[in-house]
Amino acid sequence: MESTKLIVSQSGPLYGTVRIQGAKNSVLKLMAATLLCEGEHLIRNVPEITDVAIMSELLSSMGSKVTWKTPNTLSICTPATKDLIPVASYELVDKMRASIVVLGPLMARMKRAQVSLPGGDDFGHRPIDMHLDALSHLGCTFSVSHGYVSGVCEELIGQDIVLEFPSHTATDNVLMASVLADSVTTIDNAAREPEVCDLVAMLQEMGAKVEGAGTSHLRVIGTKSLTPADHEVIPDRVEAATFICAVGVLGGEVQLDGARNDHMDMLVRKMRKMGVDITENSSGLLVRSDGSVRATDVSTLPYPGVATDYKPMIVAVLSVSDGVSIVTENLFSGRFRYIDELRRMAADIRTEGHHVIVRGVNRLSGAPIKAPDIRAGAALVIAALVAEGQSEISGVAHIDRGYERLDEKLRALGASIERE
Ligand code: EPU
């Protein structure tokens, strides 16, 4: 049983500079992409988070050698095909559903794979049908038994693929499968997230031919072989958003070194509407606030819309705003569990289907609370920092999955937060 807690007390304005970590939702896919060819790959600006440790364990279980070369630089030595074991076990996939992104590269390189089916989670039902449909189109045959999906193919042949929804990881999987396919693959309604562009950039460095990154139409010209990568991960826009939200409610002036406005434009616009002053400068973003927040309606959408990953933090911010806001979730049916915890802190929030109605209150009240997932955990930290008195946050392991020492970084800016 994990017993780590964060002890958080009401805090004043935050001041200082924070360096934004490498993006979790990029690095996990970049690590999977190393399966595509033998040799030593270097990935730089890697955040030291639990999900990276889990992906390292998964690659190691397949025969790769994963080591920290220096802090934040990972060396991944991928073995020859004969020594690669194309199996992702239940134990590891159960710890991290993003493990599914090994399916595409394994099918491309090994022509077979066995990956445990990810279960449901706190976001509700999360199927992988689009991944399997698209890979089947390229020539894979899948069967499900004993909780595993097993895929085989003779060879992958480029096709025109249309995704029903611009799924982020389905796009990643198809991309990684198609770079080694015979002839041309097109992916329509592809995800446009900056992390998908980062994966394309690394694949291009490895010798893949991909056009259209950042648009909803990707074109991949299959190639016979790739070479190892040396790639630097883009900054984590969700971590940057977390600090913007914290400064928004607590007030202060914080420089986010490395944060990229072009990766989070819609969020920046929304936060400005709420009264947070955000300016771009040569090293990142400067965030200033007097701690008062205006009520604003928000809807989550695939990129370039406001990401669902920002939503829990936005709800925490709006819970102490000056009026009523409606926040609409359009991606995940069940991403609401943290709301019960916010209510326990005296927030006035109601859910109606996929809408959250947030009535801003003058004060939140510190309480023992539990983080149900990564982003909800960050939202509860923000709420606890603004709440009167002290809060004890459990479920810290969820936060550590995606955030590199969030508590230390906030403490350095003046927040009262201790790990127990
Ligand atoms: N969907 C299907 N079938 C599929 C795939 C997706 O119905 O085969 C549905 C999902 O159920 C959901 C929607 O499509 O309703 C969008 O899901 P998507 O596939 O885009 O999400 P994902 O790729 O599983 C990634 C991030 C999430 C982030 C979402 C949305 C990674 C590892 N995960 O998940 O990040 O919330 O995109 O942007 O990249 C997080 O960082 O905490 C996190 C959960």
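Which residue in S5 does His41 stand opposite? His41 faces Ile76. This is a predicted model: local features need pLDDT of at least 70, side-chain atom pairs count only at pLDDT 80 or more, and totals for chains, interfaces and linings use all residues. Residues are numbered from 1 along each chain as its sequence is written, and side-chain values use heavy atoms, without hydrogens and water.

**Sheet**

Strand S3 (residues 39-44) pairs with strand S5 (residues 73-78) in the antiparallel sense, over five bridges. Pairing requires at least two DSSP bridges between two strands. Helices (H or I, at least four residues) and strands (E, at least two) are DSSP runs, numbered from the N terminus. The open sheet has four strands in the order S4-S5-S3-S14, with mixed pairing. Strand S4 (65-70) and strand S14 (230-232) are the edges, each pairing on one side only.

Helix H1 (residues 24-33) lies across S3, S5 and S14 and runs at about 170° to S3. Contact here means heavy atoms within 4.5 Å. Axes are lines fitted to C-alpha atoms, for helices over the stretch in contact; angles run from 0 to 180 degrees between N-to-C directions.

**Ligand**

The ligand is surrounded by 22 residues, each with a heavy atom within 4 Å. Among the closest are Asp129, Ser167 and Thr169. Polar contacts are pairs of N or O atoms within 3.5 Å.

| Residue | Atom of the residue | Distance to a ligand oxygen atom |
|---|---|---|
| Lys24 | polar side-chain atom | 3.0 Å |
| Asp309 | side-chain N or O atom | 2.6 Å |
| Leu331 | backbone N or O atom | 2.4 Å |

H1, helix H5 (129-137) and helix H6 (168-178) each give two or more residues to the shell around the ligand.

Definitions and conventions. Polar contact = N/O pair within 3.5 Å; in protein donor to acceptor, adjacent residues only side chain to side chain.
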